[in-house]
Amino acid sequence: MLHISATKQVMIWLTVVVGLLLALPNGFYGQVESYNDAVEAGEEATGWPSFLPSGLVNLGLDLRGGAHLLAEVQVEDAHETLIESLWPEIRQALGAERATIGPFRQSADAPPATLRIQFQETDGIDRAVEIIRGLARPVQSLTGVGASDIEVTRGSNFVTVELSEAEKANINERTMQQSLEIIRRRIDEVGTREPTIQRQGAERILVQVPGVGSAQEVKDIIGTTAQLNFQPVVSIASSPDGIAGPGNEILPEATPDGVEPSVYYVLERTPVVSGEELVDAQPSFDQNGSPAVNFRFNVSGARKFGDYTLENIGQPFAIVLDDEVISAPTIQSHIAGGSGIITGNFSVEESTNLAVLLRAGALPAELEFLEERTIGPELGQDSIDAGQIACIVAGIMVLIFMFLSYGLFGLFANVALIVNVALIFGLLSLIGATLTLPGIAGIVLTIGMAVDANVIVFERIREELRTAKGPARAIELGYEKALSSILDANITTFITATILFVMGSGPVRGFAITLGLGIITSLFTAIFVTRALIAIWFARRRPKTIEV
Amino acid sequence: MRLRLVKQGTNIDFFSRAKLWLGISGFMMVLAVVSFMVQGLNFGIDFQGGTSIRTQAEAPIVVSEYRDAIEPLELGDVSITEVFDPSFEENQNVAMIRIQAQEGEESVTNETIGQVQTALQAMDPTLTFTAVESVGPKVSGELIQTAFIAVALAVLAILLYIWLRFEWQFAVGAVLALVHDVVLTVGVFSELQIKFDLAIIAAILTIVGYSINDTVIVYDRVRENLRKYKKKDLKDVLNISINETLSRTLMTSVTTMLALLSLFILGGDVIRGFVFAMMWGVLIGTYSSIFVATAILLVLGVKRDWSKKAVAAGTRYGDIDA
């Protein structure tokens with residue numbers, strides 16, 4: 001019989017009410033947003049009743065405006081740094097047995113991420129290999145049980161040291177984690193709202209910052225490696241073409257954009273102290289009143305720095321930031337306290353930024369930007385407005401058309417359609433999904449397609465009425481026989497929505513979400529809500545004949 | 001009075017000219033492929049790499065002036081198009097500038113963008129940049145690949161689903177109809193040189209979903225009628241099924257079209273290409289499920305005895321119980 005039990009009625013209408021309540025905050029977007037901000041900040045929140053749900057649909061970057069960046073972390077950089085840092089240890093270990101293995105030096109023409117040690121006498125090489133192998137440490141990883149961190153191979157008159165695959169995998173993982181963490185800290189320091197910082201695939205990081213004017217601003221903050229080093233100066237040159245000895249490097253002085261550097265420094269590659277040992281950095285001014293950055297080392301950094309300055313009074317040392325020499329002062333006296341000041345040609349803004357970067361720590365590897373998009377907030381607002389109008393007009397046209405076609409039953413379907421759109425917004429708010437411009441298109445498309453299930457049912461009822469089984473039976477049969485078609489049709493559409501969601505990114509994914517949710521809600525409204533409406537109406541009126 | 005798109009008791013013979021329809025479809029597909037081979041698609045930066053800049057100025061746009069401003073930078077292929085939309089105000093003159101990926105640049109650099117912005121602002125100080133997007137060649141290559149896989153996967157998944165729910169002939173018919181829709185959509189984009197970007201892939205997948213939706217409804221009725229009319233000619237059964245579902249097919253197409261039309265006119269220029277693809281898709285999706293998918297069933301022939309196995313195979317959902 002065309003009867004729905006009271007429990008089911010309650011369930012259906014409860015779902016509808018909950019859905020409507022969840023969707024409600026989106027009708028008062030600005031109001032609820034400021035309320036939520038206040039709650040988050042721990043302030044007294046007004047403007048929205050606290051007993052109502054306050055979840056909102058997140059607006060995607062294409063609607064809100066902001067910057068989207070996809071960066072690839074150059075993990076090879078980290079390999080390079082690590083292998084380079086092995087040299088002092090190896091030099092020391094080999095040096096202790098120079099008597100047996102003879103003179104040796106670091107070869108300058110080693111392939112990337114390898115260390116090559118050249119020997120004058122070949123007799124001692126086997127012993128050298130043994131010593132270096134002795135320095136290897138076991139790698140802790142799930143796959144590389146018993147693996148060690150370096151691989152040592154012997155050549156004719158040299159020994160090559162490389163990182164093992166297990167160690168590389170470890171480093172890559174660590175580098176990604178660190179990069180993510182540092183990018184997050186840097187963006188948080190600048191204080192924009194709700195940034196998205198996500199790892200994508202093995203070596204990529206997706207950064208989305210709403211509300212900034214250009215991707216360049218974000219890049220300036222996260223793209224700088226901010227690797228700060230204090231390196232001993234070997235000599236000063238006037239061109240970058242000089243030959244640096246093994247273990248040395250030639251770096252230019254820091255200059256403003258577009259100005260060719262005129263002074264180059266030959267530096268020892270291994271730093272005395274690096275930025276990792278900084279505990280604090282603050283923008284300040286030097287004694288001449290120009291912007292500068294004050295910094296403080298941790299205990300071990302302070303000791304290293306103190307020892308070095310004590311032993312090298314009168315010698316210059318270089319403060320190097322991202323392979324540019326910011327300044328190269330001469331050590332005047334023993335600097336013991338572990339704090340110092342970096343001066344250079346900074347503007348106030350630059351010194352503030354530098355302090356932020358130094359505080360957050362250096363990126364372990366460089367970033368290469370593969371994709372960047374900036375959407376202006378006005379364009380986003382235009383898109384929202386246009387989408388809203390299109391939604392309303394689409395809705396009204398479909399409502400009228402359905403009423404004209406199916407009369408009272410069309411009205412039932414229309415109620416279901418309105419509930420359907422509200423439910424989509426309710427679900428989007430509930431799961432905290434992001435609404436994008438194609439997502440709005442997905443909703444409009446759903447408005448058009450949501451009535452499909454009802455159309456199928458109503459057409460079927462019309463057919464059943466022709467074979468004259470009485471209205472109640474016809475309605476029942478209509479729903480029953482239409483169900484298999486409706487399910488088949490929606491499952492196939494759902495399959496494509498799922499594939500879009502899995503394979504797509506950004507706006508396309510937003511479209512997949514609204515399309516997929518739209519299928520679920522439209523199935524619910526078309527099958528349950530209209531049926532409940534029809535059952536209530538039928539029980540009241542008990543019509544002898546119906547027209548669909 | 002009720003609005004009826006299809007009169008009650010309509011009985012159109014859809015197969016009297018089946019060969020003609022298949023011929024037309026085949027011919028259109030060949031045209032689409034030829035257009036694709038000759039002209040190729042107008043790939044957006046998503047698939048080609050490069051930079052696109054959306055500008056807004058108070059003064060009317062003179063494309064040649066823009067070109068003159070950018071020319072000295074020697075950036076290779078630069079395309080400048082003016083954008084029109086009814087919602088724009090008088091002093092809202094929008095243009096899209098597309099710059100190809102610069103040689104030797106694996107990733108995106110802001111130097112080029114900065115140069116272009118400076119050059120344009122020197123020409124018209126009221127100019128603002130409402131959107132700037134850059135995609136490096138590395139990513140764009142992957143995006144093409146992903147998009148291709150996504151479409152292929154969708155078609156494959158549907159093939160499998162229809163095969164499970166119906167018979168292989170239905171699956172083949174549905175998928176051929178889908179391929180037909182996708183080919184014709186790509187053909188239109190190549191012929192009209194509309195920008196083809198990631199959103200269009202989403203549109204194509206939606207078309208796939210919509211078209212299969214339509215086809216499945218017809219097929220479902222075919223299966224039902226095959227059980228009902230065991231003695232009738234396959235051609236007649238197919239005809240009855242199409243006629244019986246015709247009203248629904250047209251109703252849904254019209255409501256969907258109404259919604260899309262309002263989006264096309266009012267939804268702004270940013271998604272117009274996307275909406276166009278979907279409108280076209282609804283049109284040919286409807287056509288293909290009526291003419292192509294069933295015609296293929298007729299050509300392949302289907303199993304006629306559905307009486308026993310159908311239930312055993314679990315091809316019928318339980319009664320709805322609301």
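Trainee: Where in chain B is L176(B) found?

Mentor: L176(B) lies in helix α6 of chain B, where helices (H or I, at least four residues) and strands (E, at least two) are DSSP runs numbered from the N terminus. Before going further, please keep in mind that this is a predicted model, in which local features need pLDDT of at least 70 and side-chain atom pairs count only at pLDDT 80 or more, while totals for chains, interfaces and linings use all residues. Residues are numbered from 1 along each chain as its sequence is written, chains are lettered from A and ligands numbered from 1 in the order in which they are written, and side-chain values use heavy atoms, with hydrogens and water left out.

With a relative accessible area of 43%, L176(B) is partly exposed, a class between buried (under 20%) and exposed (over 50%), for a 1.4 Å probe and protein chains only. From L176(B) to R248(B) the C-alpha distance is 22 Å, across 72 residues of sequence.

Q193(B) is not a glycine, yet its phi is positive, at about 55°. Most residues other than glycine have a negative phi. Q193(B) counts as partly exposed, because its relative accessibility is 31%.

The next part of chain B to consider is a helix pair. Helix α7 (residues 198-228) of chain B packs against helix α9 (residues 272-300) of chain B at an angle of about 30°, the axes being 8 Å apart; such axes are lines fitted to C-alpha atoms over the stretch in contact, with angles from 0 to 180 degrees between N-to-C directions. The two helices, α7(B) and α9(B), are therefore roughly parallel to each other, as angles under 35 degrees count as such, over 145 as roughly antiparallel, 65 to 115 as roughly perpendicular and the rest as oblique. Where α7(B) meets α9(B), the contact holds 15 nonpolar, ten polar and one charged residues, with Ala, Val, Leu, Ile, Met, Phe, Trp, Tyr, Cys and Pro taken as nonpolar, Asp, Glu, Lys and Arg as charged, and the others, Gly among them, as polar.

Helix α8 (residues 234-266) of chain B contains S262(B), which is buried, at 3% relative accessible area. The side chain of S262(B) reaches the backbone oxygen of A259(B) at 3.2 Å.

Chain A can be set beside this. The loop between β12 (273-274) and β13 (278-285) of chain A holds E277(A), which counts as buried because its relative accessibility is 10%. The side chains of E277(A) and S300(A) are joined by a polar contact of 2.6 Å, meaning a pair of N or O atoms within 3.5 Å in which, within protein, one must be able to donate a hydrogen and the other to accept it, residues adjacent in sequence counting only if both atoms are side-chain atoms.

A113(A), in the loop between β3 (104-106) and β4 (114-119) of chain A, also has a positive phi, near 60°, and A113(A) is buried, with a relative accessible area of 15%. Finally, V39(A) sits in helix α2 (residues 29-40) of chain A and is partly exposed at 45%; V39(A) and I150(A) lie 52 Å apart, C-alpha to C-alpha, with a sequence separation of 111 residues.
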